[in-house]
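Me: I have a two-chain model open and would like to understand the terms used to describe it. Could you walk me through them?

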Amino acid sequence: MESLTGAEITIRLLERQGIRRLAGIPGGANLPIYDALARSQTIEHVLARHEQGAGFIAGGMARASGQAAVCLASSGPGATNLLTAIADARLDSIPLVAITGQVPSAMLGTDAFQEVDVYGLSIPITKHNFLVTSTAQLLECVPRAFEIASSGRPGPVLIDIPKDVQTARIEIDAWPEPGSQRPRPAPDEQSMAAAWALIESSDRPILYLGGGVVHSGAADEARSFAERASLPTVMTLMALGIVPADHMLSLGMLGMHGAPFTNYLLDECDLLIAVGARFDDRATGRLSAFCPQAKVIHIDIDPAELNKLRMADVAIAGDVGTALRTLTRQTRDHSRPQWMARTRALKQQHPLEMPGLDCPRTPYGLIAAVAEALDDDTIVTTDVGQHQMWVAQSFPLRGARQWLTSGGLGTMGFGLPAAIGAALERPDRGVVCFSGDGSILMNVQELATLAETRANVKVVIMNNRALGLVRQQQTLFYEGGVFGSTFTASPDFTALAQAFGIRSLNLDAYPEPRPWLTQALQTPGPALIHASIDAAHNVFPMVPPGAANSEMIGATA
Amino acid sequence: MNEKLPRRQREAAPQHERKHLQQEQQQRREQKHEHVPDRALFEIHAYNHAGVLSHLIGLFARRACNLESIVCLPTGDGRTSRLWITIEQTERAARMVKFVARLEDVISVRIGCADALSAPVRSAMRAAAAGLAGRS
């Protein structure tokens with residue numbers, strides 16, 4: 001029998017969960033938790049410089065490892081600052097446990113200092129949330145939070161703990177089992193048989209992979225299935241890397257900034273096999289024109305995704321890994337010579353144009369030069385905007401969990417803290433964070449966290465002195481009315497990095513930047529690399545929002 | 001009855017006009033029901049603790065879906081409750097039921113036609129009223 005405070009119980013439960021590292025910021029309402037954390041022998045604390053940074057550091061840890069990660073914040077502004085990172089985890093189905101301090105129970109609802117209804121605020125952006133009302137309840141809530149975050153379709157869970165619950169002392173005679181993933185439901189055999197029949201009778205099938213394949217740990221299964229059944233494979237932004245970019249069957253990313261041949265081929269398919277994907281509008285374009293001739297098999301662990309946007313001919317609720325294994329076993333070896341020939345022909349006729357690939361001063365050229373200097377297993381994070389799309393289009397990704405990006409929420413400011421989290425989680429792999437001059441400033445304070453942790457992160461800033469993707473849309477769709485999207489004042493990013501105590505390199509300063517770039521990337525430890533990019537570069541092709549995917553700007557018809 | 005009038009009108013209208021407006025609104029509502037007789041009804045079994053209703057109604061509010069009626073009663077020992085919710089947009093019901101089922105605090109949910117199942121809702125309301133009367 002032990003007598004412990006709620007804060008001590010919380011930390012002990014996290015230790016029992018196997019948490020070895022968490023990110024956060026202390027404040028008045030979570031000081032008891034920090035006091036208990038200080039005495040933990042096994043949990044390392046990463047002190048972020050803004051709670052949103054802490055949320056994204058945890059997000060980066062979870063994305064790199066597939067395990068639920070934890071972030072801490074105090075009440076009020078601490079908690080509200082976390083919300084963006086929580087919403088980001090929700091939209092990309094990332095297992096995250098956010099623990100916030102709250103004013104004492106007796107003061108709830110009195111507009112106490114730093115009181116905000118974070119329970120209410122977080123309802124629509126969490127998978128589930130708790131407002132803990134007694135210390136004993138922690139024994140139930142904390143393990144359940146981990147169970148919920150990592151079971152089925154993963155997602156963020158918030159635990160709001162009033163200060164008196166943290167300080168109250170109770171006797172503990174037995175600890176609950178750590179929360180773990182519930183067994184994933186297997187797909188039902190009848191639907192699997194129906195799916196198999198559709199695949200066997202299809203002449204022009206396409207496999208459409210989403211982030212769910214990564215979450216299910218089923219990248220190998222997806223690849224085997226594609227190879228067995230000769231399925232040209234498109235990937236959503238979240239799924240990039242599952243089938244290596246240079247694989248014969250890879251069609252790369254589909255949708256708004258997909259390659260022309262990818263979107264054209266989708267127009268021709270007679271069967272679309274959607275696995276762990278959710279028919280997001282950035283992927284499908286105008287839904288009524290998406291794969292117009294295709295029957296649809298949709299496999300997802302979340303039944304609410306099935307028939308949500310596109311009616312499926314066969315809808316299968318269950319674990320995508322199990323489903324893919326079953327299908328691979330059942331399906332005959334197919335070679336589909338005609339469909340393969342058509343795929344090759346379209347690839348040749350309508351390739352992704354990458355102007356400037358040989359010149360490291362252009363977007364594609366810089367990305368290629370960075371990729372060349374790095375190990376194949378380097379983790380790549382991005383911020384959000386033009387640089388993100390250029391990297392998604394062209395970086396040679398070769399495995400799941402190599403590519404960490406904010407897909408659903410599209411959060412600028414994601415890249416740097418996510419890279420720190422990934423680098424701490426995977427010290428065996430380097431991390432490169434591609435960012436833009438707009439995005440990096442949205443969580444630039446985390447350069448201090450980077451300097452403190454000495455995490456092996458290389459930040460590559462493509463600077464076009466603009467919110468490039470906004471400016472691109474204004475140029476294309478608003479009669480050239482560029483407004484509010486260009487910067488007249490721009491910081492000296494290399495000096496900024498140095499101010500934070502981080503090595504930096506300005507590629508603009510070198511007539512032949514390649515060797516300098518390689519040296520900077522291959523030196524262990526944090527570094528920031530700045531490269532100016534001609535503002536005239538835009539991301540093409542581009543499907544205008546609301547248009548069909550075949551209506552690409554910048555693609556030859 | 002007057003909850004749908006603009007607030008200023010509601011406050012400013014003299015008594016007799018207010019009554020007139022109420023009648024007019026009632027008529028409109030009845031007409032509407034003649035044209036759209038179907039309502040979807042969700043029968044939900046959920047845990048009974050603070051915040052459950054908030055999770056539940058948030059799903060509808062977030063999709064700009066008006067709840068036409070809602071009844072909630074504790075069941076058995078009060079650890080769970082049963083809720084009946086009706087909405088007008090029946091075409092949304094099939095999708096909404098999956099979002100409801102996804103909530104951690106929802107034990108089960110089934111969907112029925114409000115017109116066919118209005119008897120249990122009515123009896124639930126009677127039971128609620130009786131319960132309140134019993135307590136006072």
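Reply: Happy to! Contact here means heavy atoms within 4.5 Å. This is a predicted model, and in it eleven residues of chain B are in contact with 17 residues of chain A.

Me: What makes the area between chain B and chain A "buried"?

Reply: Buried area is the accessible area that two parts lose on being put together, summed over both. For chain B and chain A that comes to about 1200 Å², with 47% of it on carbon and sulfur atoms. On the chain B side, B:H55, B:K98 and B:E104 supply 50% of the area buried against chain A, more than any other three residues.

Me: Why is the meeting of A:R182 and B:E104 called a salt bridge?

Reply: The rule asks for a side-chain nitrogen of Lys or Arg within 4 Å of a carboxyl oxygen of Asp or Glu. The N to O distance between the side chains of A:R182 and B:E104 is 3.7 Å, and the cut-off is 4 Å, so the pair qualifies.

Me: Which elements of chain B give two or more residues to the side that touches chain A?

Reply: They are α3 (52-61) and α4 (93-102) of chain B. The largest share, four residues, comes from α4(B). By type, the residues on this side of chain B divide into two nonpolar, three polar and six charged.

Me: How do you know that β2 and β4 of chain A pair?

Reply: Pairing needs at least two bridges between the strands. Two bridges join β2 (residues 21-24) to β4 (residues 69-73) in chain A, so these parallel strands meet the condition. Within this pairing, A:G24 stands opposite A:L72 in β4(A).

Me: Why are β3 and β6 of chain A at the edges of their sheet?

Reply: The open sheet has six strands in the order β3-β2-β4-β5-β7-β6, with parallel pairing. β3 (44-47) and β6 (128-131) each have a single partner strand, so one side of each is left without a neighbour in the sheet. The twist averages 20° from one strand to the next.

Me: What makes β11 and β14 of chain A edge strands?

Reply: Their sheet is open too, with six strands in the order β11-β10-β9-β12-β13-β14 and parallel pairing. β11 (250-253) and β14 (314-317) are its edge strands, as each pairs on one side only. Here the twist averages 15° from one strand to the next. Helix α8 (residues 189-201) of chain A lies across β12, β13 and β14, running at about 135° to β14(A).

Definitions and conventions: Residues numbered from 1 in each chain as written. Chains lettered and ligands numbered in written order. Predicted model: local features only at pLDDT ≥ 70, side-chain atom pairs only at ≥ 80, totals over all residues. Heavy atoms only, no water. Buried area = accessible area lost by both parts, 1.4 Å probe. Nonpolar A, V, L, I, M, F, W, Y, C, P; charged D, E, K, R; others polar. Axes fitted to C-alpha atoms, helices over the stretch in contact; angles between N-to-C directions.
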